[in-house]
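Please look over the structure shown below, and then work through the questions and answers that follow it.

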Amino acid sequence: MQYTLLIVLLPLISFIVLGLMDSKWKPQVAGIIGATVLGIITLLSYITAFEYFSFHKINGVYEKLIPMHVEWIRFTQYLHIDLGILLDPISVMMLVVITTVSLMVNIYSLSYMHGEKGFQRYYAFLSLFTFSMLGLVVATNIFQMYLFWELVGVSSYLLIGFYYTKPSAVAASKKAFIVTRFADLGFLVGILFLSFYTKTFDFGVLTSGNASVFASTTGVSFMGLSVMSWAMGLIFIGGAGKSAMFPLHIWLPDAMEGPTPVSALIHAATMVVAGVYLVARLFPVYEVYAPDVLHGIAYVGAFTSLFAAVIACVQTDIKRVLAFSTISQIGFMMVALGVSGYGSHEGLGYMASMFHLFTHAMFKALLFLGAGSVIHAVHSNEMNHMGGLRKYMPITNWTFLIACLAIAGIPPFSGFFSKDEILSACYEFSPYMGGVMTFIAGLTAFYMFRLYFNIFWGKEHKHAHTPHESPFAMAFPLVFLACVTVVAGFIPFGHFVTSDLANYDIHLDYTVAGISVGVAILSIALATIMYRKESEVPKKLATTFAGLHKAASSRFYVDEVYIFITKKIIFNLISTPIAWFDRHIIDATMDGFGGVTQWTSSRIKSFQSGQVQQYAYVFLLGTLFIAALVYFIH
Amino acid sequence: MNFLSLFVLIPALMMMGLFVSKNRKQIQFVMATGAILLVIMSAAVTYMYLTERAAGNLATMLFTADTVWYAPFNIHYSVGIDGISVAMLLLSSIIVFTGVFASWKIDPLPKEFFLWYSLLSIGVYGFFISVDLFTMFMYYEIALIPMYLLIGVWGSGKKEYGAMKLTLMLMGGSALLLVGILGIYYQSGATSMNILEICKTNIPIQAQYYLFPLTFMGFGVLGAMFPFHTWSPDGHASAPTAVSMLHAGVLMKLGGYGCFRVAIYLMPQAAHELSWIFLILTGISVVYGAFSAIVQTDLKYINAYSSVSHCGLVLFAILMLNQTAMTGAVMQMLSHGLMTALFFALIGMIYGRTHTRLITEMGGLMKIIPFFGVSYVIAGLASLGLPSLSGFVAEMTIFVGSFQETDTFHRVLTIVACTSIVITAVYILRVVGKILYGAVQDKHHEHLDPATWYERLSVVTLIVAIFAVGSAPFWISSMISDSVMPVITQLAK
Amino acid sequence: MGDLFINFFSNPVPMEAYLGVSLIMFFAGVYGFLSRKSLLMILVSIELMLNAADINFVVFNRYLYPGQMEGFFFTLFAIAIAACETAVAIAIIINIYRNLTSVEVGELDEMKE
């Protein structure tokens, strides 16, 4: 399956061409190049998926294929970074997800970004992102993943800061990069720990289940914790940074400063699930050698999910609502991985997580593109500038509704199936976890319908000019993704992706499904009552729970804590004193040496008066002195 | 006469050419021809080196030549190269080449400027090709002296102060070095100052205990080791563009190279025993430089402190005393040389247009001078270690190498050094955000001249080199790691 | 005292007498060199010291090594050199006077800084 190399390389070539292309060309050319390349690789990914899932199953187990790899740099006898392509069920699934969403976003942007300055740059960055993300998912070893992980971070930085004359966009891009970079530090140190003891970066070796690989880790501890806990915990921090887990989530809402299609692609569907993908990739290692970390992941995921869902209920910027909803949904995926075991039925959580990743990518991209369409029409992100748009934008309205139903978990839309599997896995782990996650699912339904009603129903806002439905290039991706969202749930996902690569037949757990659908319907009903028509209920609630409402609106002050740490502690308490110390202590000491020398020479300078007679006088005295000395000694 | 001496001869010929040239055109012609010749030379030497190694020549140093210079004191002029010198020669040629184009229209006194510039490059090239302690030291001194005049005459700001400080501190370092070198020579009892010969002898351990710190500190001053780094911000801030490039790009590498080739190679026992002291100092350099850079407001100060941090990492990795980390150290020298030269080139070019280097007075330059903006972002990304640019491979090799040392001391220090990648990101993005993005701060900055062809040539060459090292690191890494081996065997004795 | 008186008249001139003269001349020169402000007077003092030394050369040659001539020749040589030196010195002094309109030695410290 050599052609898979093209899937990765074509976007790179497209990036280089677009990046170096003469800016005198028409901007549309850039868009067409970008979209065409994406079209080709999407097709190639579908072919790959088809070929892989139909022909590469041996004894009911999917094989891991490495169509190609090269050694990129060698560190030690054992450790070397290879660049290669690894095909296994999850990477093939990710290929499909990324290329599909990316293609849709490329098509959508042709119209959405039309007339923007820097159109060509936009497409170049999109290609760079696609390249990096594809390189990340097909990584054969953890260092290749880290390498593309960084590239993905940079493309995200560049795209968030696309409107670079806007200070808020610049600040957001900086924040996104630095926060994820901080997490990547954890990832890097984790890799160092892991690779030092296992003597390999290779995923194939790490996840082979071969205990001898980990033999040297037994009983080794570093500063009180076992090295495997260190390694896997730190690697998870890397994943948590990209996937916006609490408390590293703060960059994601701000990242909405980027163009909306970018938010759909990077900050909803693909890059932000990289953390989930990372944990899934190393799942066998987590499961066997660091079960405590895995449980930690479950709790972090659950807390983040709840936290973000609560905040999403009170945000008024529609993209921020979606951002927090993304954080919450990624929390779901993390929880599912955290509660999962290895094997057919024990591995339900793993399967559910990947399933949810897949369906979420589709419907969340749809939601964002829908939101983009709305923003395109009303030129604002604020909910209270919208309302009653269903009359003007029927396609957006219907596709958005489908996506909302999917994320709320209403059958037969895709979100129902994947979320239901996650809830079943949680209930099996512990009833409390299941209960909490069901509650969050209810919250999800509530805030999504709050969003939906606020945009498309409710009181009509006065617009400068009548909102209009989006053109074909924007409508087509919406319809396409809506179709996917409707049918994706019926994919027998357990036949494709499972923790042990073997078949697993999904059974709907009717009790869990019943509860979750019930909760979802109740929440939607509540949202309908509160937001379908203008009502006083939300205001009353806000005043009754003023403290909570205010805290949630300000995102529980996590950003303030960060600002405190960065501005007050790092900038004012570390850097400024260090710089002062450098100038006034270290440098002053060095200058001091010079000063002492100068002082000494200025003291003895008066000997050198320039008066010949004085010299002669001293000379004479010296001679007499020496003569006397010689005389008396003899 | 060995062909390696051509590296010294070409700049000397350039100086003669400059003497007879009458106008700017001729000066430019001489400099461009010479610089191109040097690039071709170093490419040829790289090729010859690689073929020789591929043919199975396993000698520590290839193409060696030795001439007696002053027999009574056993002073020889001896040259030779290994993979590390080859890498450094390539680096020097690229920087000298780009430096010439970065100062294409230098004013005033172009002739004198380039004369000193060529003399400086004689010192640099000579240092990298010599295998004799005396020759090495002599070239080291040759490289230091022109710096004073180049900064003092063509610099900006507090140039006399900067020039004096830089020269005196580096001279102080070389005083320590001279004692160290003579000590090594007499204590080893060798019959010449040739490194290859001295390494066969055993310097008594008591002597090593004081000679190692002397030599390491002597070279460490040039490598901007804490607390002897303060010449770097002041010196670079007042130096003219090409001099900053050459100084930060190549001259600071002399420090790392010397520590590696003299201090560690010749005194392995002391290196084992005393490395912890210097590890702490260089570990401080790494983090301290990065933190200091966060709050600076002058572009050159930011870059100077970032150099302290990055060069600290070079010495840090050398002191890890294992093959991977040392390979990483040399790659970091290469990578830092290229990207810091790019930074200084860009800063000089931007300063030439905006007439300010304070980041508070600039903004929105991306829209006005996009070429410099994009290049600055690339340089920044290289500095913060973006994969496919040179910084990443170098830093990763260092970190993986340093992590091979299993005790808690080394490990904690390595993790501390790793944090620099985050701090680097903070100051780089701060600068990029302040000067390139946002709104234009000063209305005089709304119309700035676009980049000229020679500026483009200089910048693009450096960017291409950064990409080349970063995307195809395998050949350079294997070339270096082979050449690190003799030191490792020496350390294992 | 009586011996000295007899010797003084019986021998032509004793060596000590010559040395006494040259000693007085030399220290007169030293004194002049240290105390005079005018460059010209300093030059004169230098000449005094030189001539004192010349006398010593001649005297030592005449009294201690009567068979040889080196002392006389050296003195002649020194006189010639002194003449040249005076010429150069006068030239310098004239130039100094032209530039600074003064030949006061205390004011000539331009080169100190």
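Helices (H or I, at least four residues) and strands (E, at least two) are DSSP runs, numbered from the N terminus. This is a predicted model, in which local features need pLDDT of at least 70, side-chain atom pairs count only at pLDDT 80 or more, and totals for chains, interfaces and linings use all residues. Residues are numbered from 1 along each chain as its sequence is written, while chains are lettered from A and ligands numbered from 1 in the order in which they are written.

Q: Which peptide bond is cis at A:Pro247?
A: A:Pro247 is found in the loop of chain A between α8 (227–242) and α9 (251–254). With omega near 0°, the cis bond is the one from A:Phe246 to A:Pro247.

Q: Is A:Ala244 buried or exposed?
A: A:Ala244 lies in the loop between α8 and α9 of chain A, and its phi is near 55°, a positive value in a residue other than glycine. A residue is buried if 20 or more other C-beta atoms, placed from the backbone, lie within 10 Å of its own, exposed if 12 or fewer, and partly exposed in between. Because A:Ala244 has 29 other C-beta atoms within 10 Å, the answer is buried.

Q: Is B:Leu109 buried or exposed?
A: B:Leu109 sits in the loop between α3 (83–102) and α4 (110–129) of chain B, and its phi, near 50°, is a positive value in a residue other than glycine. Since B:Leu109 has 12 other C-beta atoms within 10 Å, the answer is exposed.

Q: How do the axes of α10 and α14 of chain A run relative to each other, roughly parallel or roughly antiparallel?
A: Axes are lines fitted to C-alpha atoms, for helices over the stretch in contact, and angles run from 0 to 180 degrees between N-to-C directions. Angles under 35 degrees count as roughly parallel, over 145 as roughly antiparallel, 65 to 115 as roughly perpendicular and the rest as oblique. The axes of α10 (residues 260–269) and α14 (residues 318–339) of chain A come within 11 Å and cross at roughly 10°. The two helices, α10(A) and α14(A), are therefore roughly parallel.

Q: How many of the 22 residues of α14(A) are buried?
A: The helix α14(A) reaches 32 Å from its first C-alpha to its last, close to the 32 Å expected at 1.5 Å a residue, where the expected span is 1.5 Å times one less than the number of residues. α14(A) is largely enclosed by the rest of the structure, because its buried residues number 21 of 22.

Q: What radius of gyration does chain B have?
A: The radius of gyration is taken over C-alpha atoms, and the globule rule is 2.2 Å times the number of residues to the power 0.38. For 493 residues a compact globule would have a value near 23 Å, which agrees with that of chain B, 21 Å.

Q: Which element gives the largest share of the side of chain A that touches chain B?
A: Two residues are in contact if their C-beta atoms, placed from the backbone, lie within 7 Å, and this contact takes 39 residues from chain A and 42 residues from chain B. The elements of chain A that give two or more residues are β3 (65–74), α5 (142–160), α6 (167–198) and α23 (558–604). The largest share, twelve residues, comes from α6(A).
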